[in-house]
Amino acid sequence: MAEKPMWEQIGSGFVQHYYQQFDTDRVKLSELYTDASCLTWEGEGFQGKSAIMTKLSSLPFQTIQHIITAQDHHPTPDSCVMSMVMGQLKADQDQVMGFQQVFLLKNVDNKWVCTNDMFRLALHNFGA
Amino acid sequence: MQGTNLFKSHLKETFNGSFHRFGYTWSFQTCTGSFIRRKTMAEKPIWEQIGSGFVQHYYQQFDTDRVKLADLYTDASCLTWEGEGFQGKNAIMTKLSSLPFQTIQHSITAQDHHPTPDSCVMSMVMGQLKADQDQVMGFQQVFLLKNVDNKWVCTNDMFRLALHNFGA
């Protein structure tokens, strides 16, 4: 039974949980961040759980749906997990858009939290 | 006297924090009732300098002589290329050297850089590439950089073509 490596289990588990929460009740995402977390959302930086949650809560759509098309997970030298995600999203009645997101996960007090998060819409990729 | 104080606090409130004009950063100093200025040193944070420097160097090397990319990896480095994993400098360089194109050109459209809790730098890149006479394709890549013996090396590298993003 070729079990997935530990970091893949952690990474894919986090990714699944993150987008499920995001799409249903993104206020609950606050559990995944700490005061040391950093988010860069479409090039704009936010530092710490409060600032991050203010940004995520204030995103201007009523409904959102993410579909993951690809994800990669690595263990890092400092025992973190780095995850890269490509997918598509649909906000309200807007057209479907591609996106990419990267998470750096760290085990803090026996819980995997997100210390670094970067999100961008795939508006720049004019190919394919 | 009271009028002056009200005016000062109005000024302080109006120019809350500081503003930038003429290459200076201005702030209102309530006690003196005047504006003070200092030269605006809008320097990029260190992690942005490291990240953007690495990104520029990486793609320049990749496009001209990718064999030299070996300097950027160590035996502990991991690469995932289009979902396939490679561990260590040798395996990574074998993969990169064996990519089936004669010429390659990368164009970066966006990049983000973060410092990580363990003093590394994480960089996310979006761009386009053109291999030989193929059509232009979008790609994304992520690097984790670590300072080893006073040199920034790539410990983790993930690359994917943007074939999955059917939107926009």
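Reply: What follows is a set of questions and answers on a predicted model.

Me: What makes the pair Asp112(B) and Arg120(A) a salt bridge?

Reply: The rule asks for a side-chain nitrogen of Lys or Arg within 4 Å of a carboxyl oxygen of Asp or Glu. The side chains of Arg120(A) and Asp112(B) meet at 2.7 Å, N to O, and therefore the pair counts as a salt bridge. Across the interface of chain B and chain A, the rule finds four salt bridges, and it also finds 10 residue pairs in polar contact.

Me: Which elements of chain B give two or more residues to the side that touches chain A?

Reply: They are the strands E4 (73-81), E6 (104-115), E7 (121-131), E8 (137-148) and E9 (151-161) of chain B. E8(B) gives the most, with eight residues.

Me: Why is an area given for the interface, and what is the area buried between chain B and chain A?

Reply: The size of an interface is often given as the accessible area lost when the parts come together. Between chain B and chain A about 3600 Å² is buried, with carbon and sulfur atoms giving 62% of that area, while the contact takes 45 residues from chain B and 45 residues from chain A.

Me: How do you know where the NTF2 domain of chain A lies?

Reply: The location comes from a UniProt annotation, in an unreviewed entry, that covers residues 10-121 of chain A. That span is 22% helix and 53% strand, and its end C-alpha atoms lie 24 Å apart.

Key: Residues numbered from 1 in each chain as written. Chains lettered and ligands numbered in written order. Predicted model: local features only at pLDDT ≥ 70, side-chain atom pairs only at ≥ 80, totals over all residues. Heavy atoms only, no water. Contact = heavy atoms within 4.5 Å. Buried area = accessible area lost by both parts, 1.4 Å probe. Polar contact = N/O pair within 3.5 Å; in protein donor to acceptor, adjacent residues only side chain to side chain. Helix = DSSP H or I, 4+ residues; strand = E, 2+ residues; numbered from the N terminus. UniProt positions renumbered as here; feature names shortened; annotations may be inferred.
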